[in-house]
Amino acid sequence: MTGKSDSDERYPDLTPRLGRLYAAVWEMTQPDQGPEVLDQVVALLKALDLPFRSCVLYLASSREGGAAVRYRELAVGTGWSELPEGADHARLVGVWRRGVAAVESLRAEGPSDHPLEQALHHPVASLLEVPFSHGVLGLYAAEPGAFAERHVEPVGQIALGLSALHHRLQDLDRLMAKERQLRHVQRLQLAGQLAVEVAHEINNPLTVVIGECDLLLEGNLDPLLRESVTAIGKAALQVQAVSNRLLEFVRGHRAEKEWLNLNRLVDDALGLLRRMLRKEGIDLQEELAHNLPWTQAHAGQLQQVVLNLVQNSRDALRGHRLQGIIKVRTVQRQGHVALEVEDNGPGIPERIRERIFEPFFTTKEGGKGTGLGLSVCAGIAREHGGELRIEPRVLGTCMVLELPIRQEGRTTTN
């Protein structure tokens, strides 16, 4: 046995040409090199001396209730189009799902109103459609009987090159995505280094401001002036606390937890956003539970979660409704205290719900989000022995942060 197929004997140049095609596929370094490989596919088909008038590449993908099919005519330079439901769609999906080539003569002679002719802009009397892993390669001729069963094998070998091309393009897309993430991480590392330097520079003058305020408050000041100096001192202490949290975060210091009043923390965090939300026409509603047990946590990290969740709701409401509503609730249930942030925005599509806590995943436009906010918040929840999750809603989105109630906190309430 020689191991040679019929196509090797009929088309002796096919095997080395196929080798060059596969080499071109695996030597690709950019997705935009795909059209060059498709040109080689067309050249290979022409080398088989088949009388096809058009060559069409179909890509199929399963979806609920059927399959989606995109197509482009090779050697013409057209882009991708969606194949509408109909006879052609059903036939091509059948060829792809069964994995069996179709060789047909559509008519013997005379004009035809076949949909293929309208799409390809020339008479179609016969077709050869060969499946591969992700679609179908179709050849169409104006002459009846242009294709026979003997053509299926060589065209099928060429179609296998399209499978390789599809997998290579997927690999390149994943590689480029990882490279983008790596560059993003590098930028964040640089931003972290700059943040440390900025925090140090901020802390030095803040120490002076706080110290001077303390000295002034020791003297006899006019009540109105005393109130102003006190406000300046408190504001400086808040900025210093933010700066210190930034340093802790960048340096990776383990946060020290303390017993805290969740309602008070939430109210303080919302105080930073009320004016901005009111200016944007968003109604911020607070529903804080009475007698909520205290919880052991890191105040700065929990405040970061509150701010992030409310900011996400604010972003979702922009341009969506005339009257946006954000509800912030605290509740106690089943050994946990919980924070709920709910909005009446467009909601989160089902297809991406499982991905929103992934690092670097974002639905925001380029340059408007890092894709780290919810990932970091979920990490903070886990560090506190809790959970951050989405609760289903008919309208809008509800994010829930649950924190465990320690035994010591059960007797201490708000």
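Asparagine 291 has its place in the loop between S8 and strand S9, residues 295-297. I open with this residue because asparagine 291 is exposed, with a relative accessible area of 53%, where exposed means over 50%. Its backbone deserves attention as well: phi of asparagine 291 is positive, about 55°, although the residue is not a glycine. Please bear in mind throughout that we are looking at a predicted model.

Glutamine 334 sits in the loop between S10 and S11. Its phi is near 45°, a positive value in a residue other than glycine. Glutamine 334 is exposed, with a relative accessible area of 79%.

Of the 414 residues in the chain, 41% are buried. Among contacts with a separation of 6 or more, 65% come from residues 24 or more positions apart.

I turn to the sheet. Five strands make up an open sheet with mixed pairing, and their order is S8-S10-S11-S13-S12. Which strands stand at the edges? They are S8, residues 282-288, and S12, residues 387-391; each has a single partner strand, so one side of each is left without a neighbour in the sheet. From one strand to the next, the twist averages 15°. In general, strands of a sheet pair through backbone hydrogen bonds, in either a parallel or an antiparallel manner. Here, S8 and strand S10, residues 324-333, run parallel and are joined by seven bridges. Within S10, arginine 329 stands opposite glutamate 287.

Two helices lie across strands of this sheet. H10 lies across S8, S10, S11, S12 and S13, and runs at about 145° to S10. Helix H11, residues 373-383, lies across S12 and S13, running at about 125° to S12. What do the buried residues of H11 pack against? They pack against H10, S12 and S13. These buried residues are Leu374, Ser375, Cys377, Ala378, Gly379, Ile380 and Ala381. After H11 comes glycine 385, whose phi is positive, near 75°.

H10 also packs with another helix. Helix H8, residues 262-271, and H10, residues 299-317, meet at an angle of about 55°, with their axes 9 Å apart. The two helices are therefore oblique to each other. The crossing of H8 past H10 is right-handed. On the H8 side, the contact is made by Leu262, Leu265, Val266, Asp268, Ala269 and Leu270; on the H10 side, by Ala299, Leu302, Gln303, Val306, Leu307 and Val310. By class, this contact has 10 nonpolar residues, one polar and one charged.

Finally, I move to a loop elsewhere in the chain. Phenylalanine 147 is found between strand S6, residues 135-141, and helix H6, residues 152-218. Is phenylalanine 147 buried or exposed? It is buried: its relative accessible area is 7%, and the cut-off for buried is under 20%. Leaving aside residues up to four places away in sequence, phenylalanine 147 touches Leu50, Phe52, Val103, Ser126, Leu127, Leu128, Leu139, Tyr140 and Ala141.

Notes. Residues are numbered from 1 along each chain as its sequence is written. This is a predicted model: local features need pLDDT of at least 70, side-chain atom pairs count only at pLDDT 80 or more; totals for chains, interfaces and linings use all residues. Side-chain values use heavy atoms; hydrogens and water are left out. Axes are lines fitted to C-alpha atoms, for helices over the stretch in contact, and angles run from 0 to 180 degrees between N-to-C directions. Helices (H or I, at least four residues) and strands (E, at least two) are DSSP runs, numbered from the N terminus. Angles under 35 degrees count as roughly parallel, over 145 as roughly antiparallel, 65 to 115 as roughly perpendicular and the rest as oblique. A crossing is left-handed if the near helix is turned anticlockwise from the far one by less than a right angle, and right-handed if clockwise. Contact means heavy atoms within 4.5 Å. Ala, Val, Leu, Ile, Met, Phe, Trp, Tyr, Cys and Pro count as nonpolar, Asp, Glu, Lys and Arg as charged, and the others, Gly among them, as polar. Two strands pair if DSSP finds at least two bridges between them. Buried means under 20% relative accessible area, exposed over 50%, partly exposed in between (1.4 Å probe, protein chains only).
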